[in-house]
Amino acid sequence: MIKLYNSGAYLIDGSQIIPDNEDAMARVTEATGRQTAPEEAAKETIAYSILKAHNTSDNMEKLKIKFDKLTSHDITFVGIIQTARASGLEKFPVPYVLTNCHNSLCAVGGTINEDDHMFGLTCAKKYGGIYVPPHQAVIHQFAREMLAGGGKMILGSDSHTRYGALGTMAMGEGGPELVKQLLSKTYDINMPDVVCVYLKGSPIPGVGPQDVALAIIGAVFSNGYVNNKVMEFVGPGVASLSADFRIGIDVMTTETTCLSSIWKTDDTIKDFYETHGRIEDYQELEPGQVAYYDGVVEVDLDQIRPMIAMPFHPSNTYTIEEVNQNLLDILDDVEKRALVSLDGQVQYTLKDKVRDGKLYVEQGIIAGCAGGGFENICAAADILKGTSIGSDEFTLSVYPASTPIYMELLKNGSAAALLETGAILKTAFCGPCFGAGDTPANNAFSIRHSTRNFPNREGSKLQNGQISSVALMDARSIAATAANKGFLTAATDVDRDKLTGKHKYFFDQTIYANRVFDSHGAADPDTEVKFGPNIKDWPTMSALTDHLVLKVVAEIHDPVTTTDELIPSGETSSFRSNPLGLAEFTLSRKDPAYVGLAKEVQKAEKARTAGTDPKEAFPEIRSVLEKIKESHPDTGSSNTGIGSTIFAVKPGDGSAREQAASCQKVLGGWANIANEYATKRYRSNLINWGMLPFLIEGVKELPFENHDYIFIPDIKKAVENRQTEIKAYVVNKDMKEFTLRLGEMTDDERTIILKGCLINYYRD
């Protein structure tokens with residue numbers, strides 16, 4: 001089904017793979033009539049050509065990228081624009097789309113959500129942007145329909161910014177990276193490795209894009225095979241997939257922790273652009289005759305079967321057949337994972353869902369950038385047509401990803417077919433994907449064609465004793481399960497006649513023309529930006545001091561810590577425009593004591609920066625500072641910062657949300673300490689908020705414990721001098737010494753750390 005190569009490989013004429021072994025060069029020469037070294041053939045990938053076209057430096061190993069377009073949604077654009085305004089923003093230099101698909105229900109927090117929307121509309125007018133009102137489209141569907149273009153690059157403040165199937169290399173990053181683009185700066189990265197995803201064969205009826213995506217995620221996540229790399233989809237199997245099918249696979253590449261994705265393009269994608277009235281944006285993309293890749297994921301589409309990702313991660317994958325055949329064993333494994341993910345805070349089991357040997361689920365959701373596509377919903381409607389979802393616990397909600405898709409479902413009868421079964425059809429909204437809509441009942445189990453199934457991401461709250469959970473599936477198997485009244489069923493078990501429907505899509509842009517505000521790049525400086533009472537400026541943040549004293553205020557030993565656990569989603573999203581308000585929710589699901597501990601330590605730093613005695617403001621620090629002064633008499637309030645830090649094994653998987661870092665900074669955080677960082681984007685978020693991304697590697701036992709104090713002398717000098725190894729001490733009787741690492745940072749990143757945050761960097 002999925003094969004991973006243990007070496008790099010050549011791809012000849014887009015169809016022949018030659019692994020990079022002893023006779024590789026001879027085989028390449030025989031196949032092509034010329035010798036090609038790996039470093040030259042690496043320049044023949046699609047990814048290389050796009051990155052080269054967007055690189056503003058003269059060094060392809062150290063890229064400085066400028067993107068063609070930017071996109072954000074309503075829990076990210078307020079903070080981004082506020083940061084850019086504080087840094088001197090006068091006009092959006094490239095097309096910038098502000099969609100409203102996360103807080104679009106306006107159901108929590110009084111006027112907060114609609115205030116944010118009005119802020120976005122007035123900023124689009126003032127700075128020359130595009131504003132997509134609530135319920136019109138989810139961020140990524142609008143980008144597919146109206147923004148993507150062959151050979152282009154798009155940066156979005158959402159981790160699922162992926163338009164590779166349309167020939168657009170797109171990346172999801174934290175807001176500060178968009179701020180840099182708004183200020184005409186660059187996105188600085190090392191040239192990434194490029195991994196070939198070689199597709200062959202074609203999917204059997206009943207298998208959908210989520211099935212293929214989950215199979216790939218299950219094969220590459222835990223081993224980091226594509227971590228921070230570009231996934232390039234090629235091979236003869238691409239031609240067997242519709243545009244919607246490719247898009248459905250592509251959007252889920254985020255869950256592999258890759259950097260970005262790109263696909264070869266063909267007449268199928270040309271037809272997509274023609275359907276959407278943008279044929280001029282199509283570009284044929286193919287790797288060169290001899291392209292070299294840093295790895296190969298070979299996918300036999302014929303062998304893919306309906307998949308399910310059990311709680312609590314998209315990589316916890318099985319075929320649905322495996323689950324049904326080994327049900328109790330797999331549920332045992334899920335319970336073991338729950339002990340780690342939920343820290344034993346609540347009782348968790350799915351065994352009570354087993355009825356007459358079958359797994360019963362209470363809810364089905366088809367939604368968002370992954371599930372809400374036209375073909376997914378039509379396929380679900382075909383499977384459900386003439387059936388009923390029943391009148392028991394099971395419910396089914398379907399969210400088309402855009403109003404144009406919704407309109408076409410109404411016209412072709414699919415909407416009616418769904419509604420008459422008892423399913424509910426709703427507007428374009430991302431809520432079910434991040435816990436702001438359709439939260440299941442306590443102890444309930446939901447199957448969803450959406451992007452993630454992290455702990456409590458569906459909206460339940462551990463701190464209130466609640467737990468529900470999600471498994472990811474394709475819309476087709478969700479529909480098959482719905483037709484079977486909630487009992488887990490693979491779409492391949494459905495009557496074959498229901499799996500062969502072909503529905504042609506007709507895109508009607510009228511609703512956008514009538515409703516979306518498009519400045520066409522013309523800024524109106526006289527427009528007054530509307531601020532609601534919840535929209536707050538960022539608090540003042542100090543520059544890095546000569547020395548640091550850090551208290552460890554949280555210690556997390558889960559194998560991976562998601563951004564959902566660092567700052568929960570759901571109703572907290574209403575406070576994304578209020579840094580202080582949002583910070584109160586930091587680590588609330590993982591370590592409820594964190595906020596109180598961090599704020600206590602922050603009292604000392606606030607006193608220090610105000611010119612008063614930190615020992616009076618926070619008496620606990622007195623003995624710590626006195627002990628440090630014994631060996632480092634030059635330390636004092638003028639040169640020694642006091643703050644907090646957390647340790648996590650591998651933090652930052654999941655969302656691009658900058659608030660996973662900024663909330664810690666707002667509460668006085670100066671650093672993270674980790675064995676490794678799950679994603680490039682989380683590490684970048686730490687740096688952009690002036691937090692040191694420390695690494696501690698190769699240790700069987702940590703030299704410090706939770707609530708210990710760590711002293712880091714001469715940290716400012718270390719950053720200035722590009723040191724990678726940093727001497728630190730646990731402040732105790734013996735002042736135990738240990739080593740932290742900083743890893744590679746660009747000159748700009750070091751300057752941001754020294755200044756205290758990106759806002760300070762641009763303000764200065």
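Is Lys 615 buried, partly exposed or exposed? Lys 615 turns out to be partly exposed, with a relative accessible area of 22%. For these words, buried means under 20% relative accessible area, exposed means over 50%, and partly exposed lies in between (1.4 Å probe, protein chains only).

Before we go on, keep in mind that this is a predicted model: local features need pLDDT of at least 70, side-chain atom pairs count only at pLDDT 80 or more, and totals for chains, interfaces and linings use all residues. Residues are numbered from 1 along each chain as its sequence is written, and side-chain values use heavy atoms, with hydrogens and water left out. Helices (H or I, at least four residues) and strands (E, at least two) are DSSP runs, numbered from the N terminus.

**Salt bridges**

- The structure holds 33 salt bridges, each one a side-chain nitrogen of Lys or Arg within 4 Å of a carboxyl oxygen of Asp or Glu.
- Side chains of opposite charge can pair when their charged atoms come close.
- Lys 615 has Asp 613 as a salt-bridge partner, and their closest N and O atoms are 3.4 Å apart. Asp 613 is partly exposed too, at 30% relative accessibility.
- Arg 278 and Asp 281 also meet through their side chains, at 2.7 Å from N to O. Here Arg 278 counts as buried at 7% relative accessibility, whereas Asp 281 is partly exposed at 22%.
- Another salt bridge joins the side chains of Lys 200 and Glu 298 (2.9 Å, N to O). This pair links distant parts of the chain, 98 residues apart: Lys 200 sits in strand β11 (residues 194-200) and Glu 298 in strand β15 (residues 295-300).
- Lys 200 is partly exposed at 29%, while Glu 298 counts as buried at 13%.
- Asp 343, Asp 558, Glu 565 and Lys 590 are tied together in a network of salt bridges.

**Strands that pair up**

- Strands of a sheet pair through backbone hydrogen bonds, either parallel or antiparallel. In this model, two strands pair if DSSP finds at least two bridges between them.
- β11, the strand that holds Lys 200, is mostly covered, with six of its seven residues buried.
- Five bridges pair β11 with strand β12 (residues 230-234) in the parallel sense. Across that pairing, Cys 196 has Glu 232 in β12 as its bridge partner.
- In strand β20 (residues 363-366), Gln 363 and Ile 365 point one way, Gly 364 and Ile 366 point the other way, and all are buried.
- In β23, Ile 447 is the bridge partner of Gly 364.

- Ser 72 stands opposite Leu 98 in β6.
- Contact here means heavy atoms within 4.5 Å.

- The axes of α7 and α26 come within 8 Å and cross at roughly 70 degrees. That makes α7 roughly perpendicular to α26.
- Those axes are lines fitted to C-alpha atoms, for helices over the stretch in contact, and angles run from 0 to 180 degrees between N-to-C directions. Under 35 degrees counts as roughly parallel, over 145 as roughly antiparallel, 65 to 115 as roughly perpendicular and the rest as oblique.
- Pro 176, Glu 177 and Lys 180 in α7 meet Ser 684, Asn 685 and Asn 688 in α26.
- In helix α28 (residues 747-755), the buried residues are Glu 749, Arg 750, Ile 752 and Ile 753. They cover an arc of only 160 degrees around the axis, so they lie on the same side of α28; the arc is that of the directions from the helix axis to the C-beta atoms.
- The packing partners of these buried residues are α7 (175-182), α26 (680-688), β31 (692-695), α27 (715-720) and α29 (758-763).
- Just after α28, Gly 756 takes a positive phi of about 110 degrees.
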